[in-house]
Amino acid sequence: MNFVNFFKRSKRKEKKKVKFEQILGLPYFVILAILIVLPILLLLLYSFLIETSNFDLTFSLNHYINFFREPLFLRSMGRSIRIAFLGTLFSLIIGYPLAYIISLSKPRTKALLVLLITAPMWINMLLRVLALKQVFEMINLRLHLTETALIIGMVNIYLPFMVLPIYSVLDKMDKNLYEAAADLGATKMQTLIKVVIPLSLSGVLSGVIMVFLPMATTLVIPKYLGPSGKNLIGNIIEQAITKRQYGGYGYGAAISVVLAIIILLMVSLMKKVDKYQEVGINEN
């Protein structure tokens with residue numbers, strides 16, 4: 001009987017604990033529903049909504065059909081994805097070695113380097129883009145308003161978002177793995193390629209997600225650094241919503257949905273590559 005009573009008491013305590021944790025998490029779920037779920041649902045709703053002069057609301061696939069029928073919009077989408085891909089690739093090429101070097105540094109050096117990487121983020125993006133524009137004009141006038149300048153500007157602005165997730169994973173990685181690889185006869189380069197990189201793919205994936213989407217939809221950087229007359233998809237969304245061009249809010253929402261689907265497909269493919277999730281991570 002004593003064992004039965006003890007079991008019942010433990011069950012009651014577990015139920016109370018679950019309810020308390022649910023109450024603590026309630027504000028998060030409320031914010032999640034208001035700021036994320038609701039806007040996404042409204043975005044989907046607007047993408048199927050056709051506005052008429054008589055204030056009648058009808059639902060159709062016209063916005064999606066018009067988008068895939070218009071060569072201008074498809075070229076803009078392709079150009080945006082291509083430039084975002086190149087910008088993300090260069091950010092990864094620069095950011096991964098930098099994150100690796102920081103993770104192997106001494107604690108004080110780590111703090112200083114992370115501070116130097118995040119310090120530009122404290123300055124307004126528009127000011128940074130305008131400053132970079134002036135630098136391009138001072139160095140080479142031909143470089144200004146080209147795709148090269150646009151990609152350099154994107155890498156300059158979004159590089160911290162690539163470095164920090166990778167550094168976070170590398171810093172938590174069990175350092176005994178380096179010694180184990182060395183004991184087995186692996187060189188530093190072999191350790192990096194066969195041990196470090198596979199175990200840090202989750203950080204790479206997070207960095208790619210945080211960099212690719214903003215690069216594909218950015219407005220400020222193409223406006224001041226990009227080639228004139230070549231709109232990116234972010235510019236078309238802005239014109240559709242603010243200037244009510246191409247079909248208004250519904251068209252901008254439809255483009256956003258298409259872009260989001262493309263990003264989700266890319267993320268799902270990249271997750272399949274990561275076969276070592278959370279392996280070799282030191283929780284201490």
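**View A. Contact between helices H7 and H8 in the predicted model.** From H7, Leu177, Tyr178 and Ala181 meet Thr191, Val195, Val196 and Leu199 of H8. Sorted by class, this contact of H7 with H8 holds six nonpolar residues, one polar residue and no charged residue. Helix H7 spans residues 176-183 and helix H8 spans residues 188-199; their axes lie 10 Å apart, at an angle of about 150°. An angle over 145 degrees counts as roughly antiparallel, and H7 is therefore roughly antiparallel to H8. The crossing of H7 past H8 is right-handed.

**View B. Packing of helix H4 against helix H6.** H4 (residues 107-118) and H6 (residues 147-172) pack with their axes 10 Å apart, and the angle between them is about 155°. The two helices, H4 and H6, are therefore roughly antiparallel to each other. H4 passes H6 in a crossing that is left-handed. On the H4 side the contact is made by Lys110, Val114, Ile117 and Thr118, and on the H6 side by Pro160, Val163, Leu164, Tyr167 and Asp171. The contact of H4 with H6 comprises six nonpolar, one polar and two charged residues.

**View C. Contact between helices H3 and H4.** The axes of H3 and H4 come within 9 Å and cross at roughly 150°. H3 and H4 are therefore roughly antiparallel to each other. Leu98, Ile102 and Ser103 are the H3 residues here, and they meet Lys110, Leu113, Val114 and Ile117 of H4. By class, the contact of H3 with H4 has five nonpolar residues, one polar and one charged. Among the H4 residues in this view, Lys110, Val114 and Ile117 also take part in the contact of H4 with H6.

**View D. The bend in helix H3 at Gly95.** H3 covers residues 71-103, which is 33 residues. From its first C-alpha to its last, H3 reaches 46 Å, close to the 48 Å expected at 1.5 Å a residue. The bend at Gly95 is about 25°. Leu98, Ile102 and Ser103 of H3 meet residues of H4.

**View E. The kink in helix H6 at Tyr158.** H6 has 26 residues, and its span from first C-alpha to last is 37 Å, close to the 38 Å expected at 1.5 Å a residue. The kink at Tyr158 is about 50° and lies shortly before the proline Pro160. Pro160 is also one of the H6 residues that make the contact with H4.

Methods: Residues are numbered from 1 along each chain as its sequence is written. This is a predicted model: local features need pLDDT of at least 70, side-chain atom pairs count only at pLDDT 80 or more; totals for chains, interfaces and linings use all residues. Side-chain values use heavy atoms; hydrogens and water are left out. Axes are lines fitted to C-alpha atoms, for helices over the stretch in contact, and angles run from 0 to 180 degrees between N-to-C directions. Helices (H or I, at least four residues) and strands (E, at least two) are DSSP runs, numbered from the N terminus. Angles under 35 degrees count as roughly parallel, over 145 as roughly antiparallel, 65 to 115 as roughly perpendicular and the rest as oblique. A crossing is left-handed if the near helix is turned anticlockwise from the far one by less than a right angle, and right-handed if clockwise. Contact means heavy atoms within 4.5 Å. Ala, Val, Leu, Ile, Met, Phe, Trp, Tyr, Cys and Pro count as nonpolar, Asp, Glu, Lys and Arg as charged, and the others, Gly among them, as polar. The expected span of a helix is 1.5 Å times one less than its number of residues. The bend at a residue is the angle between axes fitted to the seven residues ending there and the seven starting there.
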